[in-house]
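The sequence and the coordinates come first, and the description follows them.

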Amino acid sequence: LKLRQALRNVGTSDFTYWVSWVVTEFIVCLVQAALILAWGNLFGFQLFLKNDSSVTFTLLLLFQLAMAGFGFCTSVFLRSSALATMYGFVVFLLGFILTLVVGVAGGEPFTKGTANGKYKAIPIIFAFFPPTLLAKGLGDLGKATASSDLGGIKWSQIDSYCKNNVYSEGSFGACDYSLEMCYEL
């Protein structure tokens, strides 16, 4: 619709345009993360009840902000809304597939076998796509609440649970990328 050009014509700078979008997206992401957290607690999901609310909220907020940033970065390469729609569908489909890969494979490629083997670049490549980090983070939060004797992850444990392999028993494998690393990436 050439709205950015129209704003330039009335004297709005590109900096002001992009800052307004970033602030708007930040507010939307805050509200959405808060609503997801509220609904999870309202319906009594153990993932939301047992884990520290700030840990879950931070994961959801950072995921949404990362996706908004991803969209901002890629939007400069798209010139038409039809192309953007097709691109958005492909990104959604790729995100869904990669989330399934990370979720079903028990955190793969974020494990020692991949990270320390000859395929060291694979976790870094996966980390560039925010849905994979969300799947890893939600997987860890889910493992921390999988049984009634597990108390979930508190803010003070966002790295130590992984170093101590607290929730890595059985089929889940060793924990090598903690929630703290998901936040940082």
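A pocket is here an open set of grid points, on a 1 Å grid over the protein atoms alone, with protein on both sides within 12 Å along at least five of seven lines, and its volume is the space filled by probe spheres set on the points. In this predicted model, the largest pocket has a volume of about 980 Å³.

**The pocket and its lining**

The lining of the largest pocket comprises 25 residues, and those that lie nearest the centre of the pocket are Arg-4, Tyr-17, Ser-75, Leu-78 and Ala-84. At least two lining residues come from each of the helices H1 (3-9), H2 (14-42), H4 (53-75) and H5 (81-104), and H4 gives the most, with seven residues.

**The chain as a whole**

The chain holds 10 helices and zero strands, so that, by the definition of these elements as DSSP runs, the order from the N terminus on reads α-α-α-α-α-α-α-α-α-α. Of the 185 residues in the chain, 32% are buried. The accessible surface of the chain comes to about 11100 Å², and carbon and sulfur atoms account for 70% of that area. Among contacts between residues at least 6 apart in sequence, 60% join residues that are at least 24 apart.

**Selected residues**

| Residue | Relative accessible area | Class |
|---|---|---|
| Cys-29 | 3% | buried |
| Phe-70 | 23% | partly exposed |
| Cys-73 | 52% | exposed |

Cys-29 counts as buried because its relative accessibility of 3% falls under the 20% cut-off, whereas Cys-73 is exposed because its value of 52% is over the 50% cut-off. With a disulfide taken as a pair of cysteine sulfur atoms within 2.5 Å, the count comes to zero disulfides.

Phe-70, which lies in helix H4, is partly exposed because its relative accessible area of 23% sits between the limits of 20% and 50%. Leaving aside residues up to four places away in sequence, Phe-70 touches Tyr-87, Val-91, Phe-128 and Phe-129.

Terms used
Residues numbered from 1 in each chain as written. Predicted model: local features only at pLDDT ≥ 70, side-chain atom pairs only at ≥ 80, totals over all residues. Heavy atoms only, no water. 1 Å grid on protein atoms, 1.4 Å probe; cavity = no way out; pocket = protein on both sides within 12 Å on 5 of 7 lines; lining within 4 Å. Helix = DSSP H or I, 4+ residues; strand = E, 2+ residues; numbered from the N terminus. Buried < 20%, exposed > 50% of the residue type's maximum accessible area, 1.4 Å probe, protein only. Contact = heavy atoms within 4.5 Å. Areas by Shrake-Rupley, 256 points an atom, 1.4 Å probe, with all protein chains shown as cover.
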